[in-house]
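Have a look at it first, then read on.

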Amino acid sequence: MAPIPTPPEEPQDDPGDYVGLEASSAERRAGERGWSTVRKLPPGAIITMEYRFGRLNLEVEDGRVKRAWKG
């Protein structure tokens, strides 16, 4: 049996720090801080809930981040 791969370490960054930022600034900041994927979503979007290491989800309303979470 093949060994289970070790997932890469996620950035040591608090998603709560993105709340209130303008969406493009938040996306740029996330890239600078090491997030490999940034997913911008409208409020109430139907999304898959699989956890992805290195992904930051941003719920964006009226151009600003309302909520942010890992995975």
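Asp13 sits in the segment before α1; helices here are DSSP runs of H or I with at least four residues, strands are DSSP runs of E with at least two, and both are numbered from the N terminus. This is a predicted model, in which local features need pLDDT of at least 70 and side-chain atom pairs count only at pLDDT 80 or more, while totals for chains, interfaces and linings use all residues. Residues are numbered from 1 along each chain as its sequence is written, and side-chain values use heavy atoms, with hydrogens and water left out.

Is Asp13 buried or exposed? Its relative accessibility is 9%, so Asp13 counts as buried (buried is under 20% relative accessible area, exposed is over 50%, partly exposed is in between, with a 1.4 Å probe and protein chains only). The side chain of Asp13 makes a polar contact with the side chain of Tyr18 at 2.4 Å, and another with the side chain of Trp35 at 3.0 Å. A polar contact is a pair of N or O atoms within 3.5 Å; within protein, one must be able to donate a hydrogen and the other to accept it, and residues adjacent in sequence count only if both atoms are side-chain atoms. Leaving aside residues up to four places away in sequence, Asp13 touches Tyr18, Arg33, Trp35 and Lys70, where contact means heavy atoms within 4.5 Å.

## Pro7

Pro7 also belongs to the segment before α1. With a relative accessible area of 38%, Pro7 is partly exposed. Pro7 and Arg52 are 45 residues apart along the chain, and their C-alpha atoms are separated by 9.5 Å.

## The helix

Helix α1 covers residues 23–32, and Ala23, Ala26 and Ala30 are buried in it. Seen down the axis of α1, the buried residues fall within an arc of 60°, so they line one face of the helix; the arc is that of the directions from the helix axis to the C-beta atoms. An α-helix has 3.6 residues a turn, so residues three or four places apart point the same way.

What do the buried residues of α1 pack against? They pack against β1 (37–41), β2 (55–61) and β3 (64–70). After α1 comes Gly34, with a positive phi near 100°.

## The sheet

Three strands make an open sheet, ordered β1-β2-β3, with mixed pairing. The edge strands, β1 and β3, each pair on one side only; two strands pair if DSSP finds at least two bridges between them.

β2 and β3 run antiparallel and are joined by six bridges. In β3, Val65 stands opposite Val60.
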